[in-house]
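This briefing is meant to be read beside the sequence and the 3D view. Please keep both at hand while working through the topics below.

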Amino acid sequence: WQGERLHPGDYVVCADEKPSIQARRRIVATLPAGRGPGRGRGRGQTVEHEYRRQGALCYLAAWDARRAKIFDRCAPKDGIEPFDALVEQFMSVEPYSKAQRVFLVIDNGSAHRGQRSIDRLQGSWPNLIVVHTPIHASWLNQAEIYFSVVQRKVVTPNQFADLDTLEQQLLAFGRRYEQIAAPFEWKFTRHDLDRLLARAN
């Protein structure tokens, strides 16, 4: 399939996990940015540094780059079982279940590293093709870009009463992001990569 153009019946899904997102209950509530005293002065957001840890969650997401569709879930921790449950979440529904091919772009995380992960995932889903990003190039996985948005928009400054509140906000953001997102138009080609590498040497 390398070097081929995608067929209309093909799908590309980028997946990853964001482990150990803490739910921190601040001793004093965060104050939003606002107007300060005097003309032209503002007050920045005020975040209390003391907090109580309420536990941590792993947030898993799969992003269909061509359809701007998110599949996401939370789990107590990362690992093979939660990751495989994420893959089942989209592979068990149409159009993925009946697609000609579904390319699953993943990094080399411990739950989906190497040939054993390829055998496991492709053994469960015959139309799935696992594509690992190069080592130290996880930024090629569009799920990482989604997680950077989640970090800025949901997790920071990290003030959650408990794990249920954290999970609700993560999943609610996924639904909101899906409503406003547009399909990703990837224009970076193999030729562009070769030119970039040639300049770097």
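The loop between H1 and E6 contains Pro95. In this predicted model, a cis peptide bond links Glu94 to Pro95, with omega at about 10°.

**Backbone at Ala68**
- Ala68 has a positive phi of about 55°, although Ala68 is not a glycine.
- The loop that holds Ala68 runs between strand E4 (51-64) and strand E5 (69-75).

**Confidence of the prediction**
- For the protein chain the mean pLDDT is 87, and 86% of the residues reach 70 or more.
- Among the elements of the chain, helix H1 (residues 80-91) has the highest mean pLDDT, 98, while strand E3 (residues 42-43) has the lowest, 70.
- Where pLDDT is low, the predicted coordinates should not be read in detail.

**Salt bridges**
- The structure holds 8 salt bridges.
- Side chains of opposite charge can pair when their charged atoms come close.
- One of the salt bridges joins Asp10 and Arg101, whose closest N and O atoms are 2.7 Å apart.
- Asp10 belongs to strand E1 (residues 10-26) and Arg101 to strand E6 (residues 101-106), so the pair ties together parts that are 91 residues apart in sequence.

**Packing of helices H3 and H4**
- Two packed helices are described by the angle between their axes and by the distance between those axes.
- Helix H3 (residues 142-155) packs with helix H4 (residues 163-180) at an angle of about 120°, and their axes are 11 Å apart.
- H3 and H4 are therefore oblique to each other, and the crossing in which H3 passes H4 is right-handed.
- On the H3 side, the contact involves Tyr146, Val149, Val150, Lys153, Val154 and Val155; on the H4 side, Gln169, Leu170, Phe173, Gly174 and Tyr177 take part.
- The residues of this contact comprise 8 nonpolar, 2 polar and 1 charged.

How values were computed
Residues are numbered from 1 along each chain as its sequence is written. This is a predicted model: local features need pLDDT of at least 70, side-chain atom pairs count only at pLDDT 80 or more; totals for chains, interfaces and linings use all residues. Side-chain values use heavy atoms; hydrogens and water are left out. Axes are lines fitted to C-alpha atoms, for helices over the stretch in contact, and angles run from 0 to 180 degrees between N-to-C directions. Helices (H or I, at least four residues) and strands (E, at least two) are DSSP runs, numbered from the N terminus. Angles under 35 degrees count as roughly parallel, over 145 as roughly antiparallel, 65 to 115 as roughly perpendicular and the rest as oblique. A crossing is left-handed if the near helix is turned anticlockwise from the far one by less than a right angle, and right-handed if clockwise. Contact means heavy atoms within 4.5 Å. Ala, Val, Leu, Ile, Met, Phe, Trp, Tyr, Cys and Pro count as nonpolar, Asp, Glu, Lys and Arg as charged, and the others, Gly among them, as polar. pLDDT is the predictor's confidence in each residue, from 0 to 100. A salt bridge is a side-chain nitrogen of Lys or Arg within 4 Å of a carboxyl oxygen of Asp or Glu.
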